[in-house]
Amino acid sequence: KETYNHWCEIRESGAQGPDGTSKTFWRRMRIWTYVIDEIINGNKPDFHKALEVKEEPNDSIAYINIKKLAEKSEYNGEAYSTDADISNYAISDKHFLLRQIKLISPQIIICSGTFKFCDKIFSNIKKISERLYKTNELYLIDFFHLSNRNSYEKEFNELKNIIKNYCKYNNIK
């Protein structure tokens, strides 16, 4: 969605994990990366290990915001986005977003609370299983926003099941 005007700070720090602009955001991202990497590499992710690695730097993930910037001065010092606002950005910046995705060349995109806007960006989205979709050779996961307040364990288990379905669909052991 938006970066609250901290993109340069994040870039300069190298996104070193929980010391970023949102400790919850970076820790969840690190846990999600751990779960995906472990399963795709044929290992069984361990929740207690995930809690340990959440404090480590995350160097194997990229993230893209649909809405590129929201000053906190907007909306009386609060930075938030409406669905209509994000939808408009998805439509107007579609080609730019697709170019970013092409440059990063991911296999999987976790749509952190933004899956409902994917039809503005991608065509031919096909449901594979609960929360897992495919468009061309790219997989989309309809998942929670990184700043949500679900328990780490709940998200760990849900993402683990989604990635297992991804592996099953792609014959990855």
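In this predicted model, R27, R28, I31, W32, Y34, V35, I36, I39 and I40 of helix 2 are in contact with Y152, E155, F156, L159, K160, I163, K164, Y166 and C167 of helix 7, where contact means heavy atoms within 4.5 Å, and helices (H or I, at least four residues) and strands (E, at least two) are DSSP runs numbered from the N terminus. The axes of helix 2 (residues 23–40) and helix 7 (residues 152–169) come within 9 Å and cross at roughly 35 degrees; such axes are lines fitted to C-alpha atoms, for helices over the stretch in contact, with angles from 0 to 180 degrees between N-to-C directions. The crossing of helix 2 and helix 7 is right-handed, the term for a near helix turned clockwise from the far one by less than a right angle.

Residues are numbered from 1 along each chain as its sequence is written. Local features need pLDDT of at least 70 and side-chain atom pairs count only at pLDDT 80 or more, while totals for chains, interfaces and linings use all residues, and side-chain values use heavy atoms, with hydrogens and water left out.

Turning to the sheet, four strands form an open arrangement in the order 1-4-3-2 with mixed pairing, two strands being paired if DSSP finds at least two bridges between them. Strand 1 (108–112) and strand 2 stand at the edges with a single partner strand each, so one side of each has no neighbour in the sheet. On average, neighbouring strands of this sheet are turned by 30 degrees against each other, direction ignored.

Strand 3 runs antiparallel to strand 4 (residues 138–143), and four bridges join them; Y133 has L140 in strand 4 as its bridge partner. Helix 7 packs on the sheet, where it touches strand 1, strand 2, strand 3 and strand 4, and its direction makes about 155 degrees with that of strand 4. Strand 2 (residues 126–129) and strand 3 (residues 132–135) are likewise antiparallel, joined by three bridges, and K126 is partnered by K134 in strand 3. These two strands form a hairpin with two residues between them, and R131 in the turn has a positive phi of about 75 degrees.

For the protein as a whole, there are seven helices and four strands, and buried residues, those under 20% relative accessible area (1.4 Å probe, protein chains only), make up 40% of the 173 residues.

Note on methods. Buried < 20%, exposed > 50% of the residue type's maximum accessible area, 1.4 Å probe, protein only.
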